[in-house]
Amino acid sequence: MLDRLLDAAVERLGTRRFGGLPLIERQFVAGALADVVTEIELAAGAAARPEASAEALWAQHERLTEAGWTVTRLFGAEGYVVDHPVRGLHLSALTADLWLARPDSTEGGG
């Protein structure tokens, strides 16, 4: 889902302009896109290792959630409209506790 929304954000950023340049050509935007692509690739690699611990899975989900918020911001205000496809990223962040075991922060000397 994040990958598809990233593609949609890239398309949108190519059509929006600021200061005479498409937003996609702005250094900050390009850096944010690269960060999201990196997190998607890391998640794909982690998915290939079924022996991952609950802590590793939770950390990966947290990184993907942050990448999702980055993609949401790339849509500007339209990313916060109720019927926008990005709502799936909001739901992912809200429902993480239902599907992933949150590591106990008190274990190991906390």
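# Salt bridges and a negative patch in a predicted model

In this predicted model, a search of the whole structure finds three salt bridges.

User: Which residue forms a salt bridge with Glu78?

Analyst: Glu78 lies in the loop between helix H3 (54-74) and helix H4 (87-99). The N to O distance is 2.9 Å, and the partner is Arg12.

User: Is Arg12 buried or exposed?

Analyst: The cut-off for a buried residue is a relative accessible area under 20%. Arg12 has a relative accessible area of 13%. Arg12, by contrast, is buried.

User: How far apart are the closest N and O atoms of Arg63 and Glu39?

Analyst: Arg63 is in helix H3 and Glu39 in helix H2 (residues 27-47), so that the pair links distant parts of the chain, 24 residues apart. A salt bridge requires a side-chain nitrogen of Lys or Arg within 4 Å of a carboxyl oxygen of Asp or Glu. Arg63 and Glu39 form such a bridge, with their closest N and O atoms apart by 3.4 Å.

User: Why does Glu39 count as buried?

Analyst: Residues under 20% relative accessible area are classed as buried, and those over 50% as exposed, with partly exposed in between. Arg63, the salt-bridge partner of Glu39, is partly exposed at 35%. Glu39 counts as buried because its relative accessibility is 18%.

User: What is the N to O distance in the salt bridge of Arg73 and Glu66?

Analyst: Arg73 has 46% relative accessibility and counts as partly exposed. Glu66 is also partly exposed, at 45%. Their side chains meet in a salt bridge, with an N to O distance of 3.8 Å.

User: Which helix gives the most to the negative patch?

Analyst: The patch of negative charge on the surface gathers Asp3, Asp7, Glu11 and Glu41. One of these, Glu11, is found in helix H1. With three residues, the helix that gives the most to the patch is H1.

User: What is the relative accessible area of Glu11?

Analyst: Glu11 belongs to the negative patch on the surface. Residues in a patch must have over 30% relative accessible area and no salt bridge, while the exposed class begins over 50%. Glu11 is exposed, with a relative accessible area of 60%.

Note on methods. Residues numbered from 1 in each chain as written. Predicted model: local features only at pLDDT ≥ 70, side-chain atom pairs only at ≥ 80, totals over all residues. Heavy atoms only, no water. Helix = DSSP H or I, 4+ residues; strand = E, 2+ residues; numbered from the N terminus. Buried < 20%, exposed > 50% of the residue type's maximum accessible area, 1.4 Å probe, protein only. Patch = residues over 30% accessible without salt bridge, like charges linked within 9 Å, V, L, I, M, F, W, Y side chains within 5 Å. Areas by Shrake-Rupley, 256 points an atom, 1.4 Å probe, with all protein chains shown as cover. Lys, Arg positive; Asp, Glu negative; His and termini not counted. Charge placed at Lys NZ, Arg CZ, Asp CG, Glu CD.
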